[in-house]
Amino acid sequence: MAAPSLLRTCLVSALLAGAPMAAALLAGPMLTSRAMADDADAPIGDAIRDVPIFDAHMHYKEPAWGPYPPETVIELMNNSGVAMALVSSTPDEGTIQLFEYAPDRIVPELRPYHGDAGSGNWTKTAGMMDYLRDRLARYPHEGLGEFHVHRIDPEDRSFLGEIVALAVQHALPIHVHSGAAPVALFYELEPSLTIIWAHAGMSEPPDVVDDLLSRHPSLYADTSFRESEILGNWQQWEPVIKRHADRLMVGTDTWVNSQWTQYEEIIASNRRWLARLPRVTAEKIAFRNAQQLFGRQIKHPH
Ligand SMILES: [Zn+2]
């Protein structure tokens, strides 16, 4: 698709440079085949603006419900070319509210946090497994998370085993915000798990991300919250991104309302680093990987 426009560009620049029309036309077929070979590796560049995005890390937490009602969320997605989003919320009612408003745009996942149960104590909250089982029985969640494992507490091991068993029983991926060690622990508990590593480990360096993704073929990662770092540290990230292009996804992490305020800018800065990749790679990370993982078919919102 890009070859004809590249050819046009070549013709235009040849004409602008004062080359005779005939010479430019004669050069056409050669340029076309060369351009096509080069195109596969050429960065997608500005054309990334027309590639739909699957936002693989969205939250719809209670403080957002008032200022950002569901129609506003969908409007923000439309304005940013975001076709679909993987959503979890504190409490889960936010996710369900958004899902019921736009079931073809929202993939709901079940976050354990509610009431007094939050990121620091959810593994020790009485009745948590019953809560999760009840929500899963009532709503069509397609993932378990995003939840935090700040550190490995040996006391949590049997509880985390129950979480893993629940994920396997319902064939759900788990979406984990943690460093590399808890991800390794989850795979030790259940090698067949599918894990989405939130923020690709948030502060784990590219070589650690590379290593963990290489070790575990069913590990995916969303790069939310790291877009500036990826742009600023492109040399280190580029080989890791290209090596694991089948399992990376982008996201916005709307964990506080200021992320909603900046939603369109966050998507735009994700497009800035995706623009540096060849189209095939950029499209995988922009939406194809998530689409495949959740068995959904997105439609472009425009
Ligand atoms: Zn998050």
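I first looked up what the buried residues of α9 pack against, and I noted β4 (144-149), α8 (157-169), β5 (174-178), β6 (195-197), α10 (206-215) and β7 (219-222). Contact here is taken as two C-beta atoms, placed from the backbone, within 7 Å, and helices (H or I, at least four residues) and strands (E, at least two) are DSSP runs numbered from the N terminus. I wrote down that this is a predicted model, in which local features need pLDDT of at least 70, side-chain atom pairs count only at pLDDT 80 or more, and totals for chains, interfaces and linings use all residues. Residues are numbered from 1 along each chain as its sequence is written.

Next I looked up which residues of helix α9 (residues 180-189) are buried, and found Pro182, Val183 and Phe186. Seen down the axis of α9, these buried residues fall within an arc of 105 degrees (taken from the directions from the helix axis to the C-beta atoms), so they line one face of the helix. A residue is called buried if 20 or more other C-beta atoms lie within 10 Å of its own, exposed if 12 or fewer, and partly exposed in between.

I then turned to the peptide bonds. A cis bond joins Gly145 and Glu146, with omega about -10 degrees, and Glu146 is found in strand β4.

Lastly I checked phi at Asp253, which is near 50 degrees, a positive value in a residue other than glycine. Asp253 is found in the loop between β8 (248-249) and α13 (257-261), and it counts as buried because it has 22 C-beta neighbours inside 10 Å.
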